[in-house]
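Dear colleague,

Please find below the structure that I am handing over to you. My findings follow it, arranged by topic.

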Amino acid sequence: MSRIYLSPPHTGLADQAAINRAFESGWIAPLGPEVDAFEAELAAVTERSHGVALSSGTAALHLALLLLGVGAGDRVLVSSLTFSATLNAIRYTGASPVLIDSIADSWNMDPDLLAEALENGEYAACIPVDIYGQCADYDAIVPLLVRHGVPLVSDAAEALGATHHGSPAGSFGAMAALSFNGNKIITTSGGGALVTDDGDWATKARWLSTQARDPAPHYQHTTIGYNYRLSNLLAALGRSQLADLKRRVDIRRANNAFYREALGDLPGVEFMPEAKGNRSTFWLTTLTFDPEAAGVDREAVRLHLESLDIEARPVWKPMHLQPVFAECEVYGGAVSQRLFEHGLCIPSGSSLTADQRDMVVTEIRSVFGGA
Ligand SMILES: *Cc1c(COP(=O)(O)O)cnc(C)c1O
């Protein structure tokens, strides 16, 4: 039997046809009509005026910070519960991350701790992360940042297709970053995008991402550039994946509903809550095991699944507990630490079969003594 993955790339014949179409058109790389169309379609789904297709979500975060002028000596507010990419992008600019803990009702950035941090210092930007497919509490966060004049960059890498009070992930703040890495809800095998309403930023992002070439035939440069653009071939794949986004969100939400129904009665088990006003994609279904009430701990469940070739992973280890970011200033920290210690992500992909889902449930229940 083959391994059951957490969130594998989900591709099909339509994707292959899209790549062939781009290939046969002769527009292989670097740019071309598929990139232009993908950018317009990404802007549309995030209700933005502009999209810039890039080689990764990390590149999108890096460019967003550069466009805001963030650099050495600056401080940037950021969720502690995230993937390292968010903080790496801050460090590429030379700025220092200031970490904000999660709130229990959504696992996202705690607006009260953010308010406290804003009272205590000056910041060049704030990056709330839409964790596991659920938007941060922008209703609370946006007014706080506006009042303090701090620009918002939304890390929506995990949340394409989600909404917050009806507005899509990626629509909040000055700019937002999307990811099309292999494990995300749509994939270009590797890729990302920056979305914004500001045409000048979009133009500048395209320029910076193609080595910052000035308009001259002899390759003239007046600033440091990056090689961050997405190729036309991969944009064709992205378009075909994006056309399937709504169905993919529905499938991931159905996986989540299934797991809640099938495991919700187990003692000490709690699923990541969906906060009021949010429609999560449930990119990953995540749950916590309270060892006292459950009689089993997260590692017992994870190791049992692993022994059967079922991939499950602990919730992100928060950045304030990472050796490389240990010196960062942090507000709170206990909530995300608890989520990391007791939380597990279980197979959630949009290509997961009913049999695989049943097997995950049966095996988790067996750790509880077949309860
Ligand atoms: C995946 C991810 C990124 C980075 O995206 P890449 O395309 O892999 O560079 C950034 N932030 C979060 C929260 C992510 O999950």
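**Surface and overall form**

The protein chain exposes about 15,000 Å², and carbon and sulfur atoms supply 53% of that area. Please note that this is a predicted model. Of its 371 residues, 53% count as buried. The C-alpha atoms occupy a box of roughly 70 × 55 × 35 Å along the principal axes. A compact globule with 371 residues would have a radius of gyration near 21 Å, and the value for this chain, 21 Å, agrees with that. The secondary structure comprises 13 helices and 15 strands. Among contacts between residues at least 6 apart in sequence, 71% join residues at least 24 apart.

**Domains and the core between them**

The domain assignment divides the chain into domain 1 (13-242) and domain 2 (245-367). Their C-alpha centres are 25 Å apart, and the contact takes 44 residues from domain 1 and 38 residues from domain 2.

The largest nonpolar core has 53 residues, of which Leu-77, Leu-114 and Tyr-132 touch the most other members. Two or more residues of this core come from each of several elements, including helix H2 (33-45), strand S3 (96-100), helix H5 (111-119), helix H6 (138-148), helix H8 (232-242) and helix H9 (245-263). Because domain 1 and domain 2 both give residues to this core, it lies between them. Another core lies apart from it; this one has 32 residues, among them Leu-63, Ala-95, Ala-124 and Tyr-228. As a general point, nonpolar side chains in soluble globular proteins tend to be buried together.

Beyond its neighbours within four places in sequence, Leu-114 is in contact with Leu-77, Ile-100, Met-109, Cys-126, Ile-141, Leu-144 and Leu-145. Ile-141, for its part, lies in helix H6 and is buried, with a relative accessible area of 0%. Not counting residues up to four places away in sequence, Ile-141 touches Met-109, Pro-111, Leu-114, Pro-128, Ala-136 and Leu-152. Between Ile-141 and Val-129, twelve residues away in sequence, the C-alpha to C-alpha distance is 12 Å.

In helix H4 (residues 84-92), the buried residues are Ala-85, Thr-86, Leu-87, Ala-89 and Ile-90. Their cover includes helix H3 (57-67), strand S2 (75-79), S3, strand S4 (125-127) and strand S5 (153-155). After H4 comes Gly-94, with a positive phi near 90 degrees.

Helix H11 (residues 298-307) has Arg-298, Val-301, Arg-302 and Leu-305 as its buried residues. Viewed down the axis of H11, these fall within an arc of 95 degrees, so they line one face of the helix. They pack against strand S12 (285-289), strand S13 (313-314), helix H12 (334-342), strand S15 (343-346) and helix H13 (354-367). Just after H11, Asp-309 adopts a positive phi of about 65 degrees.

**Backbone angles and individual residues**

Most residues other than glycine have a negative phi. Trp-107 has a phi near 70 degrees, a positive value in a residue other than glycine. Trp-107 sits in the loop between S3 and H5 and, at 3% relative accessibility, is below the 20% limit and therefore counts as buried. Gln-211 likewise has a positive phi, near 70 degrees, and is a residue other than glycine. Gln-211 belongs to the loop between helix H7 (199-208) and H8; with a relative accessible area of 35%, Gln-211 is partly exposed.

Finally, Lys-246 is found in helix H9. Lys-246 has a relative accessible area of 61%, which is over the 50% limit, and is therefore exposed. Lys-246 and Asp-214 are 32 residues apart in sequence, and their C-alpha atoms are 40 Å apart in space.

With kind regards

Conventions
Residues numbered from 1 in each chain as written. Predicted model: local features only at pLDDT ≥ 70, side-chain atom pairs only at ≥ 80, totals over all residues. Heavy atoms only, no water. Core = buried A, V, L, I, M, F, W, Y, C linked by side-chain atoms within 4.5 Å. Buried < 20%, exposed > 50% of the residue type's maximum accessible area, 1.4 Å probe, protein only. Helix = DSSP H or I, 4+ residues; strand = E, 2+ residues; numbered from the N terminus. Domains from an automatic or database assignment. Contact = heavy atoms within 4.5 Å. Rg over C-alpha atoms; globule rule 2.2 N^0.38 Å. Areas by Shrake-Rupley, 256 points an atom, 1.4 Å probe, with all protein chains shown as cover. Arc of directions from axis to C-beta.
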